[in-house]
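Dear colleague,

Please read the notes alongside the coordinates.

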Amino acid sequence: MKKRRIKKVAVIGSGIMGSGIACHFANIGVEVLLLDIIPRELTAAEQAKKLSLEDETVRNRLVNDSLKNALKSKPSPIYDQSFASRITTGNLEDDLHKIKDADWIIEVVVERLDIKKQVFESIEKYRKDGTLITSNTSGIPIKFMNEGRSEDFQKHFAVTHFFNPPRYLKLFEVVPGPACEKEVTEFLMDYGQKFLGKTAVLAKDTPAFIGNRIGIFGIMSLFHIVKEMGLTVEEVDKLTGPLLGRPKSATFRTIDVVGLDTLVHTANGVAQNAANDEMHDTFKIPDFVNTMLENNWLGSKTGQGFYKKTTNSKGKSEILVLDLDTLEYRASKKVNFATLNNTKTVEKVIDRFKVLVDGKDKAGEFYKKTLSALFAYVSNRIPEISDELYRIDDAMKAGFGWEHGPFQIWDAVGVKKGIELMKDEGFEPNPWVSEMLDKGRDSFYSIENGSLNYYDIPSGKELKIPGQDAFIILDNIRDAKTIWKNSEASIQHLGDGILNVEFQSKMNTIGSGVLQAINKGIDLAEQDYEAVIIGNQAANFSVGANLAMAFMLAIEQEYDELEMATRMFQNTVMRLRYSSVPTLITPRGMTFGGACEMGLHADKIVAAAETYTGLVEFGVGIIPAGAGTKEMTKRVSDQWIKDDVKLNRLRDAFINIAMAKVATSAEEAFGMGYFQKGKDMVVVNAERQLATAKRYAIQMVEDGYTQPSPQQVKVLGQQALGMFLVGTDSLQKGRYASEHDKKIANKLGYIMAGGDLSEPTLVSEQYLLDLEREAILSLLTERKTLERIEHTLKTGKPLRN
């Protein structure tokens, strides 16, 4: 069979989802044709310009405005604004014929069957045989969309359900039609995972598929329980947020963002189309929600929902909360439950559930009710919505941002304990759960030889979850593969002589234990192994150096220890550059400060597409002193350009550091100089990072890796220093920077200029490292710097003083 390749995608419908999907295909380098309807009347601005409905700018106005709005939205749907050039826009009357060149056509029009059928009929006129055709519907049955379509259309038709926003939410539900070829389904699953960076979940053509069926049930169940128990909005959001490994927006804030009308629409869809659902009554809309709909309190889109942003009598912004009994807004109240306090010492989220369901207060009762209902519901959805239980967990983690899926949570509570909770609340699990226990299996998952197995209901056996061989999952191998560890980090042997150093400190901060582990990893590799990867699979790679430790030493005026700690950090980072074995690093999520500096010095960065990195130290009143300032200076020096051009590049690097700029994607990090083209690379699916890094490490060893030798850096001296001093003086005089900002910036400029040298000079890297160390030590003696650090440690936000 001919190998299918996707070079061009046509997206029909340019609304929020359509434009978002178009942008994400552009993110991965695919050419996109984005089409929408033509407007039926002119705007006032078009009339003023004497345009007609036949003008191209008018005919493409809807699609162009939609894409423009998407590109301006925050967070951005696109990795780099330049990637928007990969998207061509047009309209369905003038440009539909261009879909003949598309390899995949994706329909993303309004959720009305009659309109979708009209679009499909038009598509059939131009679509070439064999072209993939999919719909982003969130619930219209495929059998209805297939009516009247050709045999070839039906053989290549499926639902590919993206979650909003397409760039950020990882769930990609693939729902094959009744006539869809197996090859098409397999291709869509593979493409979603490998190229789009998604968690591809095979779903059945049932109401709301998997993610929304379970997710909306959870919310609707919660609505009823909240009223029954008399819980408040802020109490529920406290109980259902990060404590459970779920987004900060928890429940009610999430509904405000998504839109209450959207939630109700989906819930009504399930109620209408799943008449035999044993929990059918749960999908009935509560009275307080109906009142909110009547009042148009839909959330962010209407300015108020469960929360309302107002300005108080003092002119300050204030967030009010909806009282679910009176349906009036009031000030938020502090939430405190003894059960939550019992989890404060439980670091791993998965270990908290057992504590939560044992709670004796209102919170404990809430968890018993909500989790027992969830466990009962998911047990009864197999095989209705999925044949395999792990797909339900995958959908909830990827689509709703849960750290753990329902069956994983049930395992953590204990399968037998979960059944007891259900029976106490009047629920019964599906018989297959008891049958599993009768067979002597007391969990839904198990780990064997580094692979995750799941309980397969038809066979009654544990089977390996497919697709794992493409990944290295640290949770599955950590116990068996760890060869060294301390309290802040561990080292695993990934096989083939490749070591991995995993940070395990709070927020993966870089302290002495992490530095010790990196040096130990390099020591071991140089003696008995082949290469070292610095990699972990936390949501955020690292927030940087241990600021609390530096603050404590500065407060206690332990300046010798501070100097030694800074030198150790620098030496460790430089060792990543100049060791005799390849060093690789796999950043993802927040990769700030010292973590960014490590990346700057590794032989290769294998970054997740969603990597947010930068030298952010300026925000807390210091400069990058872990070789970051030195390295950004060196990177400008290494460019084969004239000194006057270097001066401009040096200024750009200075501004990035002085403004603590953070790249909002791995692709953007290339443009800011944190990553380097030809050396570093981006992996769209973060789950593939470690496996990809290992593959490149092996290749570097086989290619004959040679230890680099130190190089000199050309600094521009007074020529650059003068530019920096004039700039910082102007900013301070214009009140764009405080006196202390100016002091920090001048120290930064002094390092990047190479000091007060009379002419451009070649200096060693150590020379610049010494300047870095002198600068940060002097700043840590400043009261204003310590105030900034203390404020950041307390609030998580920088202070300008």
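Rings of Phe, Tyr and Trp (for Trp, the six-membered ring) are taken to pair if their centres lie within 6.5 Å, and a pair counts as stacked with planes under 30 degrees apart, as edge-to-face over 60 and as tilted for the rest. Ring pairs of this kind link Phe25, Trp104, Phe162, Phe172, Phe187, Tyr191 and Phe195 into a cluster.

The model is predicted, so that local features need pLDDT of at least 70 and side-chain atom pairs count only at pLDDT 80 or more, whereas totals for chains, interfaces and linings use all residues. Residues are numbered from 1 along each chain as its sequence is written, and side-chain values use heavy atoms, with hydrogens and water left out.

The count comes to 31 aromatic pairs. One of them, formed by Phe366 and Tyr367, is edge-to-face, with 5.5 Å centre to centre and 70 degrees between the planes; Phe366 is buried (under 20% relative accessible area, with exposed over 50% and partly exposed in between, for a 1.4 Å probe and protein chains only), at 1% relative accessibility, and Tyr367 is buried with a relative accessible area of 1%. The rings of Phe654 and Phe724 have centres 4.4 Å apart and planes at 25 degrees, and the pair is therefore stacked. Both Phe654 and Phe724 are buried.

As for charges over rings (NZ of Lys or CZ of Arg within 6 Å of the ring centre and within 35 degrees of the ring normal), the charged end of Arg86 sits over the ring of Phe83, 4.0 Å from its centre.

Best regards
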